[in-house]
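Hi,

Here is the structure I said I would pass on. Have a look at it first, and my notes come after.

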Amino acid sequence: MSSLSRYLQQSTNHFFDAFPVDLDEAEGKKQLHSFKKVIKTGEPDKTGVLKVTEGDAHNKFNDTKFYELQNIPIKNDNDDVEFVIHTIRDITEEKRKKPCLLKFITA
């Protein structure tokens, strides 16, 4: 196993310990792919919008929430990815207001 492969496996294990998702489901696969892509390319990656519905194990709220997720590499002096910052931004209100804004713009 190459040192990059070992690094990816170790980093990925730590990451998904902190942010548990089911790696057999679509969202887990998407997050894992993004994480590996950032380490390999050294470029930030937005993974899109995560919809967490009422009753979901990760949802502590009483309604559906929407989150924008992004992985951002932090490089060392050799330009190698040393850390990945995983950002989660709550965009629920933006998603709820968008239909009203579109209706207003097209009226």
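This is a predicted model: local features need pLDDT of at least 70, side-chain atom pairs count only at pLDDT 80 or more; totals for chains, interfaces and linings use all residues.

Residues are numbered from 1 along each chain as its sequence is written, and side-chain values use heavy atoms, with hydrogens and water left out.

Salt bridges to begin with. I count one when a side-chain nitrogen of Lys or Arg is within 4 Å of a carboxyl oxygen of Asp or Glu, and by that rule there are six. One of them pairs Asp45 with Lys37, with 3.3 Å between the closest N and O atoms. Asp45 is buried at 12% relative accessibility, whereas Lys37 is partly exposed at 39%. (Buried is under 20% relative accessible area, exposed is over 50%, and partly exposed is in between, using a 1.4 Å probe and protein chains only.)

Another bridge links Lys75 and Asp79, where the closest N and O atoms are 3.7 Å apart. Here Lys75 is partly exposed, at 34%, and Asp79 is exposed, at 53%.

Then there is Arg96 with Glu93, at 3.5 Å from N to O. These two sit three residues apart in helix α3 (residues 92–106), so about one helical turn separates them. Arg96 is partly exposed at 37%, and so is Glu93 at 45%. There is also a network: Glu68, Arg89 and Glu94 are joined by salt bridges that share partners.

Now for α3 itself. Helices here are DSSP runs of H or I with at least four residues, strands are runs of E with at least two, and both are numbered from the N terminus. The 15 residues of α3 span 22 Å from first C-alpha to last, close to the expected 21 Å (1.5 Å times one less than the number of residues). The helix bends by about 35° at Lys98, and Pro99 follows within four residues. That bend is the angle between axes fitted to the seven residues ending there and the seven starting there.

Last, the surface. Ile74, Phe83 and Ile85 make up a nonpolar patch with about 270 Å² of accessible area together. Patch members have over 30% relative accessible area and no salt bridge, with nonpolar side chains (Val, Leu, Ile, Met, Phe, Trp, Tyr) joined within 5 Å and like charges within 9 Å; areas are Shrake-Rupley with a 1.4 Å probe. Ile74 belongs to strand β2 (residues 65–75) and is partly exposed, at 34%.

Cheers
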